[in-house]
Amino acid sequence: MLSECLEALQIHPEKIYIDATLGGGGHTLAIAKQLTTGLIFAFDQDIDAIKNFSGHPNVVAVTANFSDIATELTKRNIFSVSGILADLGVSSHQIDIPERGFSFRYDGPLDMRMNKNQPKSAASILNEYSESAIEKMLNQYGDVSNSQKIARLIFNYKQFKPFQTTQDLVAALEPLTPKFHSYQFLAPIFQAIRIETNEEMKHLILFLEQAAKLLETNGKLVVLTYHSIEDRIVKHFMKSKNYSDDNADQVFGGSKGNVFEVLTKKAMPPSESEIAVNPRSRSAKLRAARKR
């Protein structure tokens, strides 16, 4: 949804912007090409994304989680920006590299860490969590209907063989995996474990709070989400700067204060033509808001 993101941001060539999720660099470079004396600070906690980025004179690449944007910009004497973009999807590079362990389609280490320097991997989480903790994780982050049975399978499997690879997890789930449409069964389970491994909702909330403070008056916040949990958080944050989500409220609370004008009354989906070219975009939703 590149063109939609650029339209929502309304790039000014002399202003400062943030791409909170560098990834493959497509959004970053598209924004940079519209800048003259302006800058875009591109963040990614994945060192591979920083290493693989081709570079641009108007881009400052920062190796950091997007929940640290305020700290990193303060170090560089930047205290306000004109627009912030965050594409919350897992990058194709992460999915397609078996060694990263994000996909059940490949045999590789059950890793799933976006920041490879963090101590806990997906395997260590499954090996350490109790059955009830696994069930809670699946409920919160995967909307898994039969989470109790799935949690029991995972817990029982590791009693005989600690989790090490993605195929260990696939094998553990085999008794409940349907013969057909296995993707629909496995995908939300892997999603829930990935979210837990990277503490994604915690970092998303911290990012949104900092984005609201960093944006100048009339600055734009544009966020692409890929599942209902993060989309609810973004939606309610933009609407009232109040998370209004059970996961967020229970852990972080909410702070009220209508600082945004919502520019997308409903989440904007990708076009049919984009889905045809890039099937992974089918679950994307774009939301945009302007700071008052």
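Tyr17 has Gly83 in strand 4 as its bridge partner. That pair belongs to the link between strand 1 (residues 16-19) and strand 4, which run parallel and are joined by three bridges. The model is predicted. Its seven strands form an open, mixed sheet in the order 3-2-1-4-5-7-6. Strand 3 (59-63) and strand 6 are the edges; each has a single partner strand, so one side of each lacks a neighbour in the sheet. From one strand to the next, the twist averages 20°.

**Strand 7 and its partners**

- Strands of a sheet pair through backbone hydrogen bonds, either parallel or antiparallel.
- Strand 5 (residues 215-225) pairs with strand 7 in the antiparallel sense, over six bridges.
- Within that pairing, Val222 stands opposite Ala288 of strand 7.
- Strand 6 (residues 260-262) also runs antiparallel to strand 7, and three bridges join them.
- Here Phe260 has Lys291 of strand 7 as its bridge partner.
- Strand 7 (residues 285-291) is largely enclosed by the rest of the structure, because five of its seven residues are buried.

**Helix 1 against the sheet**

- Helix 1 lies across strand 4, strand 5 and strand 7. Its direction is at about 165° to strand 5.
- Glu4, Cys5, Leu6, Ala8 and Leu9 are buried in helix 1 (residues 2-9).
- The cover over the buried residues of helix 1 includes helix 2 (26-32), strand 4 (81-87), strand 5, helix 14 (272-277) and strand 7.

- Helix 12 lies across strand 5, strand 6 and strand 7. It runs at about 20° to strand 7.
- Helix 12 (residues 228-240) has 13 residues. From first C-alpha to last it reaches 18 Å, close to the 18 Å expected at 1.5 Å a residue.

**Helix 7 against helix 8**

- Two packed helices are described by the angle between their axes and the distance between the axes.
- Helix 7 (residues 131-142) packs on helix 8 (residues 147-160) at an angle of about 135°, and the axes are 8 Å apart.
- That angle makes helix 7 oblique to helix 8.
- The crossing of helix 7 past helix 8 is right-handed.
- From helix 7, the contacts come from Glu131, Ile134, Glu135, Leu138 and Asn139. On helix 8 they meet Ser147, Gln148, Ile150, Ala151, Arg152, Ile154, Phe155 and Lys158.

- Glu72 sits in helix 4 (residues 69-75). Its relative accessibility is 12%, so Glu72 counts as buried.
- Beyond neighbours within four places in sequence, Glu72 is in contact with Phe43, Val62 and Ala64.
- Asp107 is in the loop between helix 5 (92-96) and helix 6 (122-128). It is exposed, with a relative accessible area of 54%.
- Beyond neighbours within four places in sequence, Asp107 is in contact with Pro98, Thr165, Thr166 and Gln167.
- Asp107 and Val170 are 63 residues apart in sequence, but their C-alpha atoms are 9.7 Å apart in space.

Notes: Residues numbered from 1 in each chain as written. Predicted model: local features only at pLDDT ≥ 70, side-chain atom pairs only at ≥ 80, totals over all residues. Heavy atoms only, no water. Buried < 20%, exposed > 50% of the residue type's maximum accessible area, 1.4 Å probe, protein only. Helix = DSSP H or I, 4+ residues; strand = E, 2+ residues; numbered from the N terminus. Pairing = 2+ DSSP bridges. Contact = heavy atoms within 4.5 Å. Expected span 1.5 Å × (residues − 1). Axes fitted to C-alpha atoms, helices over the stretch in contact; angles between N-to-C directions. Parallel < 35°, antiparallel > 145°, perpendicular 65-115°, else oblique. Left-handed = near helix turned anticlockwise from the far one by under 90°.
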